[in-house]
Amino acid sequence: MTDLDTFRAALQQPDEGRPPAIADIMRAGRRLRRKRRFGYGAVVAAALVAVTAVAWPTTAPPATVWPAAAVDAEGSWGQPVATGLRSGKHEIVVTAFHNVNQAYPDITFGVRACAADTSGKLGPCHNQFDDVAPDRSPGFHAIGLPSNLDYVDLPMYGYYVGPATTITVDSRGRTVTADTAVWSEDPEVVLFWFDFKDVYLKPDKTHPNYKKQKVTPGELPDVANWSAYDESGRKLPLGKPFVIG
Amino acid sequence: MARGDTEFSEFAAAGFHRLRRAAYLLTGNAQHAEDAAQAALVKTYAAWRRVRRQDPYAYARKVMVNHLKDQWRRPLREDARDQLPERPSPQDLAGDVTDQRWLLDALARLADRERAVVVLRHFFDLSEKDVAAELGVAVGTVKSLNARALAKLRVTLDSPDFAANGACS
């Protein structure tokens, strides 16, 4: 056995690699900053052009509220919502959690997608929070890529602040519609998620890890043109639809 | 060079090695670690005006951990083994503290979340509460992940500091 101090000392061995390429880092950082600004502007412009021509997508059916009594929602904030998606024997639910982090004083909550077993116990949960805009500013927030956590597939999900009843995105060349549910703790916050068949990862099947059944790099979802509409089909503000990851 | 850029350069030079070391402990791969640390600094620089007056190192650390969490995706199922190995490892860390290969092999036996908790808790020396906030999980989850990880690593829990935090229970 090893005592904790010895273990900690082993972790703290100095890093002996080369120094950072600061000029390259700053160049890439400037590009990223421009891309975020430009991407946001381009999406807004495209939305303004399309607003009079687009046919409103049909409203998604209301999501089922996961039975509260059956859920051990440790770490959650608000009522978990059943997405109707399954991964193995797990049902996937979405909800939110308190975010307490001094680095993000204006981000008080994030959203989470969890696997729920047959007894209603939640876990594992994937948590994400926004870091580009205050948590209740109008528009999209905390959009996460589809993922696999502890062998459970989780969808692309996030939240929208505003009266959105329909949320769409272009995924691999077609417009797909998210399922939505109003968060139990704030009627202005709309949780949304996409079906696995609509937004998904494509693993690189030629990668050596694929055959070894290990983590395999792959093609990320190709999503663009985030859109939100209210009940009357009116286009809503986008905010900063930045995809985490 | 603008004042903000000078500040960032100093910050990056000071923080990069520690970020890369943490990423190395999290991934066990030098190239991935280098990429993750650089990616964290790129995103930190992109947000520098917003984060420079807060805690840019905490921001960079969080970005890096998020970046690595994204690599946790497993498109294919793996054989989940949450049990201790049948036999104790013949080599003990106390006997060879400097054997980084052993350390990395031991860390590689942990689940991703256990490994992240170990690195945040014992490398960055964050409190359980801060680790929970960083990973977006409950404090109780951090405690149980930490205890399970240390058990797998066969690290004893008799440190006064550790015991004081209640993680031994």
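Predicted model: local features only at pLDDT ≥ 70, side-chain atom pairs only at ≥ 80, totals over all residues.
Local features need pLDDT of at least 70, side-chain atom pairs count only at pLDDT 80 or more, and totals for chains, interfaces and linings use all residues. Residues are numbered from 1 along each chain as its sequence is written, chains are lettered from A and ligands numbered from 1 in the order in which they are written, and side-chain values use heavy atoms, without hydrogens and water.

Helices (H or I, at least four residues) and strands (E, at least two) are DSSP runs, numbered from the N terminus. Two strands pair if DSSP finds at least two bridges between them. In chain A, strands β2 (residues 77-87) and β3 (residues 90-98) pair in the antiparallel sense over 5 bridges. They form a hairpin with 2 residues between them, and A:Gly88 in the turn has a positive phi of about 60°. A:Arg86 stands opposite A:Glu91 in β3(A).

A salt bridge is a side-chain nitrogen of Lys or Arg within 4 Å of a carboxyl oxygen of Asp or Glu. The count over all chains is 13.

| Pair | N to O distance |
|---|---|
| B:Glu134 and B:Arg61 | 2.7 Å |
| B:Arg148 and B:Glu114 | 2.7 Å |
| B:Glu114 and B:Lys152 | 2.9 Å |

Buried means under 20% relative accessible area, exposed over 50%, and partly exposed in between (1.4 Å probe, protein chains only). B:Glu114 and B:Lys152 are both buried, whereas B:Arg148 is partly exposed at 36%. B:Glu134 counts as buried because its relative accessibility is 4%. Helix α7 (residues 128-135) of chain B has 6 of its 8 residues buried, B:Glu134 among them.
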